[in-house]
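Please read the following briefing alongside the sequence and the coordinates. It takes up each chain, then the contact between them, and ends with a single residue.

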Amino acid sequence: MTADLSFWAIQALNALQLSMLLFLLSVGLTVIFGLMHFVNLAHGSLYALGAFVGVTAAGLAGSYWAAFVAAPLVVMLVGILLYLTLIRRLRSAGPMNQVLVTFGLIFVFLDVFSIGWGDIALGLAEPELFSGRTEIFGIVYPTYRLFVIGVGLAVLGILAVIVSRTQVGAVIRAGVDNDAMAACVGINVERVFFWAFCVGCALAGLAGVVAAPVLSVTTDMGTAILIPTLIVVVIGGLGSLKGAIVGSLMIGFVQTFGAVLAPELAAILIYALLAGVLILRPAGLFPARG
Amino acid sequence: MFYQTPLKTAAILLLLTAALVYSLVAGFFGLEVLTEVAILVIVAIALDLVAGYGGMISLCHGALFGVGAYAFASATVLLGWDASIGLALAILTACLFAWVIGAITARTHGIFFIMATLAFGQMGYAYVFESRTFGGDDGLPGVPRLDLSGLGIDLNDSFNFALLCVALATVAYLLAAALLRSGFGRTLVGIRSNELRMRALGLPVWRHKAAAFAISGALAGLAGALAAQHTMFVSPGLLHWTLSGELLIMVILGGLGTLVGAVVGAGLLVFLKHEVARFTEHWHLVVGLVLIAVVLGGGRGLYGQAEHLWERRQAARKAATAAKETPEHA
């Protein structure tokens, strides 16, 4: 029975780890969706970019922590470049043009990765500090995976405090709720959008470098995680932090436990969940807009 | 609003002649490419019908295409039925699947519609990928082609099969054009322009949207069945959302909401892929950059831009003659 219990505990930790990864990605995407009404399909590619930059940085500096710092920064810079060249122009262009241009970006990134880093799966060694295994609650679990969960929870905590307790958070919430009104009371909405976008990109890069030691770094890792991330965002409700948290946990747990309990159905479950939510509550579970 | 303008007729006749002439001079590889284009033309027309005229930007047409292919393959390979029954089944299954998606998503708009169609498409992909019955990610090999030996036509010959696909693509265009010229087509464009007003006029909007999606799905299913026969093999990749994205790219490159643009775009994307592949394996990069350039450049697409210029010239000419006539009347 204890063996049985520890099996489920490990699955729960796995689910939590996946959820945290999805959270890091979806929180950036949801703010970009909610604040800027911008559909960024290339968000997954930024995540992959974070992983690739991480591999290179760790190779140059010989330490995982160099990658941990460099990846979010480089991805944010690339994000700023994209913002200035493409995204600002597409703000009012309608969802279809945004989908198309960012789909084009996916293609471009795919080949940039394959030209720059080759088509062979790369690995990133986990930091020594968190290598090996740890025993918690009587189960043995890889330490690095606990670190992934820790990073996710830390970001979650910081964002929750910023969004609900600070003036910056109030400005962001105002922008999501009604951007025209926010602009009327003197908030530079455009600048808020820009900084939210930068933070979103940096978090995508962070997710990439954090995921790299657990998964292998491949050119298509961005497209693979994009769909679950989009599902999290839509289920949670565009622009809602709470939605991103709940959505990530739902998808993470459904996907992990689905794979254990009903392998044939697991792959369909998350899509069925999304379809169900869209039919019953088209604006998501926690719509940010009133 | 759709009109079969002289420009559209001329463009279609030109493309058809080009396809026929090409089929006579092309070798085996050329005929394979022509078949691929003709099949994609059918799906692209199906997509333009709902996206360009109905305003429903679907990201599940790859899945509808794949459902058609799988329906055909399972009827012929797994059940051993005749290919003609398989074809009918493919069209019917994709049509039904599309109707359900259309009916459920009819209330959603914009990004939510895109996401919902994406979800349904991926659901189909995930199901086929995991399903042992349908061969999982190995797919189903050994798909037979239609048997037209009664008419003295051997479809295992790539020339004959290419001609069949071109003929069916032409039929698909004529069908779509006829549909758009009918009352139903006008209604569909009305829903795209102002859904609230159409609803206020007493129109059951969702029923029209679902019907349009079903018709589009039937065309996609037909194309899927042809694709299964073309490669004689089906795999889950046919249902993947990236194929839906590529279909959308075709329609945009050619010109959304012009019908002829879908035909041009399908040819253009396949041509781009093959031509770029001759110089470098990185065709994704080139296609991605071309797509971004087209959308940023106004998003009319190749044929769309031509039609836009032509219409502007027509309007200018009309204005000039009107201006000439006014002094006499005054």
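The points below are grouped by topic.

This is a predicted model, in which chain A has 290 residues and chain B has 330 residues. Chain A comprises 11 helices and 2 strands, while chain B has 13 helices and 2 strands.

**Chain A**

- From the N terminus, the elements of chain A follow the order α-α-α-α-β-β-α-α-α-α-α-α-α.
- The radius of gyration of chain A is 19 Å, which agrees with the value near 19 Å that a compact globule of 290 residues would have, and the C-alpha trace spans about 60 × 45 × 35 Å along its principal axes.
- Of the residues of chain A, 51% count as buried, and the accessible surface of this chain is about 11,800 Å², with 69% belonging to carbon and sulfur atoms.
- When contacts in chain A between residues at least 6 apart in sequence are considered, 79% of them join residues at least 24 apart.
- Chain A carries 11 positive and 11 negative side chains, and the centres of these two sets lie 17 Å apart.

**Chain B**

- Chain B has a radius of gyration of 21 Å, close to the 20 Å that the globule rule gives for 330 residues, so it is as compact as a globular protein of that length.
- The C-alpha trace of chain B spans about 80 × 50 × 45 Å along its principal axes, and 53% of the residues of this chain count as buried.
- The accessible surface of chain B is about 14,300 Å², of which carbon and sulfur atoms account for 66%.
- Among contacts in chain B between residues at least 6 apart in sequence, those joining residues at least 24 apart make up 80%.
- Chain B has 19 positive and 18 negative charges, whose mean positions are 16 Å apart.

**The contact between the chains**

- The contact involves 42 residues from chain A and 40 residues from chain B.
- About 3,500 Å² is buried between the two chains, and carbon and sulfur atoms give 84% of this area.
- Phe112(B), Met115(B) and Trp241(B) together supply 17% of the area that chain B buries against chain A, more than any other three residues.

**Ser235(B)**

- Ser235(B) sits in the loop between strand E2 (233–234) and helix H10 (241–254) of chain B.
- Because its relative accessibility is 22%, Ser235(B) counts as partly exposed.
- Beyond its neighbours within four places in sequence, Ser235(B) is in contact with Tyr70(B) and Gly139(B).
- Ser235(B) and Val171(B) are separated by 64 residues in sequence and by 27 Å in space, C-alpha to C-alpha.

Technical notes
Residues numbered from 1 in each chain as written. Chains lettered and ligands numbered in written order. Predicted model: local features only at pLDDT ≥ 70, side-chain atom pairs only at ≥ 80, totals over all residues. Heavy atoms only, no water. Helix = DSSP H or I, 4+ residues; strand = E, 2+ residues; numbered from the N terminus. Rg over C-alpha atoms; globule rule 2.2 N^0.38 Å. Buried < 20%, exposed > 50% of the residue type's maximum accessible area, 1.4 Å probe, protein only. Contact = heavy atoms within 4.5 Å. Areas by Shrake-Rupley, 256 points an atom, 1.4 Å probe, with all protein chains shown as cover. Lys, Arg positive; Asp, Glu negative; His and termini not counted. Charge placed at Lys NZ, Arg CZ, Asp CG, Glu CD. Buried area = accessible area lost by both parts, 1.4 Å probe.
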